[in-house]
Amino acid sequence: MKEEIRQKFCELIGKERVLFEEPMSRHTTFRIGGPAEVFLMPESYGQIQKILKLCQKEKIPFFILGNGSNLLVSDSGYRGVIIQMDRNMGEIRLEGNEIRACAGALLSSIAAAAKKASLTGFEFAGGIPGTLGGAVMMNAGAYGGEMKEVLKEVTVMDAEGDIIVLPADKLEMGYRTSIIKTAGYLVLEAVISLEKGREEEIQAKMKELADRRVEKQPLEFPSAGSTFKRPEGYFAGKLIMDSGLGGYRIGGAQVSEKHCGFVINAGGATAKDVVELMDHIINTVKEKFGVTLEPEVRFLGDFDRR
């Protein structure tokens, strides 16, 4: 990227909000990833619009980053622009039985706000380590709950910088997908519709789910959560376990022995290690059970996958 283009980003949002060659290992829950050519931290929708228009004009690739909880960045990094949406866009507002939150709000913070307001229906999301924007795009879910069950409307921005409000019935939400993902929209904020409940019961439910996570998931290691989508009629973790791959390791990447549905960074893992391990898992499960596992993790950067 030309130096004059880099400086234009500094002029658009202030040089204190621009980082160059920023290691993405600092911004993903996997703790893996090479440098982002340009890393931007906008603080308003107006700044995002300006960034997108410049990227469009100069034909610069860009990626919207939330909490980096479902992302594997290549060892060579990302040659383009990362637009971070979490730290500066996390406002949460209560509106009766609804919560309006910005895309960068952590799901755990929204769940805590709902509990404090005695609003029930969002307990399932309290332990998901991501932001609202990513959760809406991927229709995140856990323990029998999904985002599509609580969303009322979502405000998005398209690649040209135009702002659109989409009601829930227009979101085309399915298993880990939505129109936001397929159309390439950028989530700005969403309205979550909940029901009145009792704070102590909401707290008890959240504690129950949190205890289940601690017991069953390898939270003590960096990871990107569930590595593979759930195949229809099966559980990915059980297929991997029954393939004898619990604890299997390539470099610093390992199949968790605690929950085989998780690939963890057991220490010093590279993106190459993770991809090689994922491919080995896919091939082994396919050979043993005839089931093709699909990654739930998103890939960013250049990967040599055969």
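1. Let's start at Phe122. Skipping its neighbours within four places in sequence, this residue is in contact with Leu107, Ile110, Ala111, Met147, Val150, Ile192 and Leu194. Keep in mind that this is a predicted model.

2. Phe122 belongs to the largest nonpolar core, which has 58 residues. Along with Phe9 and Met147, Phe122 is among the residues with the most contacts inside that core. A separate core of 26 residues lies apart from it, and its members include Ala236, Ile240, Ala253 and Val255.

3. Next, a sheet. Three strands form an open sheet in the order β15-β16-β17, and the pairing is antiparallel. The edges are β15 (249-250) and β17 (263-265), each of which pairs on one side only.

4. Looking at one pairing in that sheet: β16 (residues 253-255) and β17 run antiparallel to each other, joined over 3 bridges. For a landmark when you're clicking through, take Gln254, whose bridge partner in β17 is Ile264.

5. What lies across β15, β16 and β17? That would be helix α8 (residues 271-289), which runs at about 30 degrees to β16.

6. On to the cysteines. How many disulfides does the structure hold? The count is 0. Take Cys10: the closest cysteine sulfur is in Cys55, 13 Å away, so the two are too far apart for a bond. As for burial, Cys10 is buried at a relative accessible area of 13%, and Cys260 also counts as buried, with 8% relative accessibility.

Notes. Residues numbered from 1 in each chain as written. Predicted model: local features only at pLDDT ≥ 70, side-chain atom pairs only at ≥ 80, totals over all residues. Heavy atoms only, no water. Core = buried A, V, L, I, M, F, W, Y, C linked by side-chain atoms within 4.5 Å. Buried < 20%, exposed > 50% of the residue type's maximum accessible area, 1.4 Å probe, protein only. Contact = heavy atoms within 4.5 Å. Pairing = 2+ DSSP bridges. Helix = DSSP H or I, 4+ residues; strand = E, 2+ residues; numbered from the N terminus. Axes fitted to C-alpha atoms, helices over the stretch in contact; angles between N-to-C directions. Disulfide = S-S within 2.5 Å.
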